[in-house]
Amino acid sequence: MADETTEKKSSRATGPGSKASKYDSMVKPYLDKIPEMSETMTEEQIARAFGVGKSTFSMYKTKHPELVEAIKKGRQNLVSDLRSVLIMRAKGFSKTTTKYMKCKVVDYDPTSGKRLQEREELVSYEQEDYYPPDVASLNLALKNYDGTWRNDPAEYELKKQSLALQKEKLEKDMW
């Protein structure tokens, strides 16, 4: 009986319905799509897209380093894009957009000057919009890129006082 159970378990682990073969048939062929998916989806959403559960997807990640690398590549692209946007928002930017408006066109008879017809036309035009620097983006960018920058003056003063007390204590201990 124990031998039959072992045989069943081993046949399940390598058979057509096994999780490894499901990975090979449902996830591995699409590894090149995963970086792109990782830029806009959570791992749970990616797992659902492949028709597997979250825990199964986590197991695939532990067994298949190429899956982890594909996800990591997509996340790195996302982080790079987000950094660029954060800096752009912190500095302010201009963006040209194409807009459309309806214009009324009236045709007149050149000889009599009478109104012949009236129609509407859709006319496109370019508009440059300016987006001023965003304070929240400035704070976040400075916090991440400048280690000495402090957003909260009160916190800065407390740290200064704390360092002064530590220095004073060290000087007393040395004597």
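User: Of the 175 residues of the chain, what percentage count as buried?

Analyst: Burial is judged by relative accessible area, with buried meaning under 20%, exposed over 50%, and partly exposed in between (1.4 Å probe, protein chains only). In this chain of 175 residues, 17% count as buried. The model is a predicted one, in which local features need pLDDT of at least 70 and side-chain atom pairs count only at pLDDT 80 or more, while totals for chains, interfaces and linings use all residues. Residues are numbered from 1 along each chain as its sequence is written, and side-chain values use heavy atoms, with hydrogens and water left out.

User: How many helices and strands are there in the chain?

Analyst: Helices (H or I, at least four residues) and strands (E, at least two) are DSSP runs, numbered from the N terminus. The chain has eight helices and two strands, and along the sequence they follow the pattern α-α-α-α-α-α-β-β-α-α.

User: In which sense do strands S1 and S2 pair?

Analyst: Two strands are said to pair if DSSP finds at least two bridges between them. Here S1 (residues 93–108) and S2 (residues 115–131) pair in the antiparallel sense over 16 bridges; Lys104 has Glu120 in S2 as its bridge partner, and Tyr108 stands opposite Arg115 in S2. The hairpin has six residues between the strands, and Gly113 takes a positive phi near 80 degrees.

User: Where is Asp109 found, and which residues is Asp109 in contact with, leaving aside its neighbours within four places in sequence?

Analyst: Contact means heavy atoms within 4.5 Å. Asp109 lies in the loop between S1 and S2 and, with those neighbours left aside, is in contact with Lys114 and Leu116. Because its relative accessibility is 23%, Asp109 counts as partly exposed.

User: At roughly what angle do the axes of helices H6 and H7 cross?

Analyst: Axes are lines fitted to C-alpha atoms, for helices over the stretch in contact, and angles run from 0 to 180 degrees between N-to-C directions. The axes of H6 (residues 65–91) and H7 (residues 135–145) come within 8 Å and cross at roughly 120 degrees. Angles under 35 degrees count as roughly parallel, over 145 as roughly antiparallel, 65 to 115 as roughly perpendicular and the rest as oblique, and H6 and H7 are therefore oblique to each other.

User: Which residues in H6 and H7 meet?

Analyst: Arg83, Leu86, Ile87, Arg89 and Ala90 in H6 meet Ser137, Leu138, Leu140, Ala141 and Tyr145 in H7.
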